[in-house]
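Here are some questions and answers on one protein chain and on one of its residues.

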Amino acid sequence: MKRKLRSIAQPGTTWEALRRAHWKAMGLSDEDLEKPKIAVVNSSSELAICYRHLDGVAEVVKQGVRNSGGYPIEIRTAAPSDLMIGMGHRGGYILPSRDLLVNDIEIAVEGAQLDGMVCLSSCDKTMPAHLMAAGRLNVPTLLVICGYQPAGRLDGEHVDIEDVFAASVQAALGKLPRERLLQMTDVAIQGPGVCQGMATANSMHIVCEVLGMTLPGSAPVLANSPRMFERARQSGERIVDMVRDDLKPREILTPGAFRNATTAMLAISGSINCIKHLQATAEETGVDVDIFGLTTELGRQVPVLCAVRPNGERTIDEFEHAGGASALLKQLEPLLDTEVLTVSGRRMGELVAEAQVVDDELIRPLSRPVASQPSIVVLRGSLAPESAILKLGARQDAVARRFDGEAIVFEDAGEAIAAIKRGDVRPGHALVARGMGPKGGPGMAGGASSIVYALFAADLQHKAAFITDGQLSGLCNKGMTIAEVSPEWAVDGPIALVRNGDTISIDVDARTMDIDVPDEALALRRAELGERKLTDASGYLSIYRRDVQGMSTGAVLLPCD
């Protein structure tokens with residue numbers, strides 16, 4: 001063994017005696033005390049279907065650990081689900097839950113000086129939290145992809161959670177009978193796992209495999225399928241070898257790995273949330289990379305190679321059967337850094353050489369892409385000096401390359417949706433929804449996504465622009481929708497200066513977004529701003545609002561300079 005096990009206390013110390021007493025009481029033998037102690041990080045919960053199956057996955061991982069001579073110790077964390085604990089609150093527990101998990105894991109794994117960890121990654125925020133914790137703690141870590149949920153059918157047609165999301169807003173606007181919506185909710189989810197489609201969870205699952213932090217051939221995968229359980233067992237076995245070989249995350253999470261991950265994100269037209277999660281992982285790992293800059297640089301080189309819902313009509317299970325992330329890497333090989341290391345102990349090039357593309361119509365080669373233009377564009381300008389993100393996806397002909405529109409401003413998602421319903425938002429408008437950023441929400445509440453679907457229901461998605469400092473669900477990919485404008489309203493970013501009637505100009509090809517108001521006038525408005533009237537926040541959300549950093553860091557919790 002290359003590495004001395006840190007879980008074995010120095011003989012004769014008080015800590016050794018106290019811990020030995022605890023562990024012996026829990027049934028560990030003298031032989032067990034000498035084994036690598038592996039944390040199995042489990043977010044099992046009855047709050048959301050995303051996590052209902054994780055106890056079964058944990059048991060398989062633990063058996064794998066035992067098979068390789070390790071001792072598994074299951075630890076529990078919060079179970080954040082965007083649809084269950086995020087959207088029902090005026091603030092937003094969505095993004096704050098990511099950083100809570102990182103600290104939760106630190107307390108258990110670092111506090112107990114465990115030797116390695118296997119993280120069961122499921123819904124949106126668990127995957128980035130696990131990556132961030134791996135980078136921060138730098139103990140041998142392997143992530144297990146816990147799979148997507150099976151979709152349902154209604155009247156012979158595919159129905160999943162994306163359809164329910166869109167239908168719920170249509171019903172609220174009187175565009176769909178409520179009875180039909182209820183029928184859809186009855187069948188849309190047929191088992192445990194994350195949302196169907198190339199939303200944030202499945203996007204991050206694929207990105208994790210490309211980063212090299214999960215075993216090859218892991219993503220995407222149907223939850224509770226034989227393949228998912230086989231990878232879980234293999235992961236439990238592999239982590240013990242990683243501890244023995246002292247293979248740690250900072251050897252894997254290199255600039256080349258982040259470049260590969262950004263390349264894959266663009267090729268699948270993944271969720272825009274991947275950008276901040278990758279940036280946050282880099283921050284926690286201490287890697288000097290700019291994911292926003294990489295997105296712009298690589299966007300000029302990386303075409304769209306697949307069109308899975310919400311980008312097209314193909315489904316995530318079809319993407320899995322076409323070869324999944326491994327097949328994607330095979331098609332992207334000329335653009336990859338193949339020398340990067342993976343948790344398998346092998347170089348990326350070795351894994352790609354063995355990969356197979358089952359369906360090159362679904363996961364296309366570079367020579368025959370679905371779309372040649374970038375799937376995600378980072379905009380900058382007088383309205384977004386740091387960044388703002390526009391997702392073009394695979395339907396790029398449906399999004400205007402330039403837009404000049406009249407601003408109509410809201411500081412509440414409900415008011416914006418009501419205005420759409422009344423007909424106050426018209427073609428040519430640039431709807432600005434602000435106060436939804438990391439500090440403003442606080443926590444990037446989910447209301448911005450509902451505005452996207454309201455514009456869609458009103459047939460305005462290609463006739464008006466939508467601009468927000470909030471985040472969007474990975475299920476949103478409709479029209480000229482620009483999110484995560486930074487700096488945000490709550491820190492007096494330029495979005496706070498926009499007034500009704502201002503002209504906002506967006507140039508996709510030039511990567512710019514500007515407010516056409518003279519600098520002198522903007523300076524006067526800034527002087528008149530006064531103190532921001534933030535929403536009430538107490539408990540953890542008040543701590544989050546105080547400490548969260550800007551989007552350029554991935555909105556991590558770090559001490560202010």
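The model is predicted.

Q: How many helices and strands does the chain have?
A: Helices are H or I runs and strands are E runs. Counted that way, the chain has 21 helices and 14 strands.

Q: What radius of gyration does the chain have, and why does it agree with a compact globule?
A: A compact globule of 561 residues would have a radius of gyration near 24 Å, and the chain agrees with this because its own value is 23 Å.
The C-alpha atoms fill a box of roughly 75 × 50 × 45 Å along the principal axes. The radius of gyration asked for is 23 Å.

Q: Which helix holds Glu 209, and is Glu 209 buried or exposed?
A: Of the 561 residues in the chain, 61% count as buried. Glu 209 is found in helix α9, residues 200-211, and Glu 209 is buried.

Q: What is the nearest side chain of opposite charge to Glu 209, and how far away is it?
A: A salt bridge needs a side-chain nitrogen of Lys or Arg within 4 Å of a carboxyl oxygen. Glu 209 has no salt bridge, and the nearest side chain of opposite charge is Arg 227, at 6.5 Å.

Q: Which side chain makes a polar contact with the side chain of Glu 209?
A: The side chain of Glu 209 also reaches a backbone atom, the nitrogen of Ser 218, at 3.0 Å. Residues that Glu 209 touches include Pro 216, Ala 325 and Met 348. The side-chain partner, at 3.2 Å, is Ser 326.

Key: Residues numbered from 1 in each chain as written. Predicted model: local features only at pLDDT ≥ 70, side-chain atom pairs only at ≥ 80, totals over all residues. Heavy atoms only, no water. Helix = DSSP H or I, 4+ residues; strand = E, 2+ residues; numbered from the N terminus. Buried < 20%, exposed > 50% of the residue type's maximum accessible area, 1.4 Å probe, protein only. Lys, Arg positive; Asp, Glu negative; His and termini not counted. Polar contact = N/O pair within 3.5 Å; in protein donor to acceptor, adjacent residues only side chain to side chain. Contact = heavy atoms within 4.5 Å. Rg over C-alpha atoms; globule rule 2.2 N^0.38 Å. Lists of a residue's contacts leave out its neighbours within four places in sequence.
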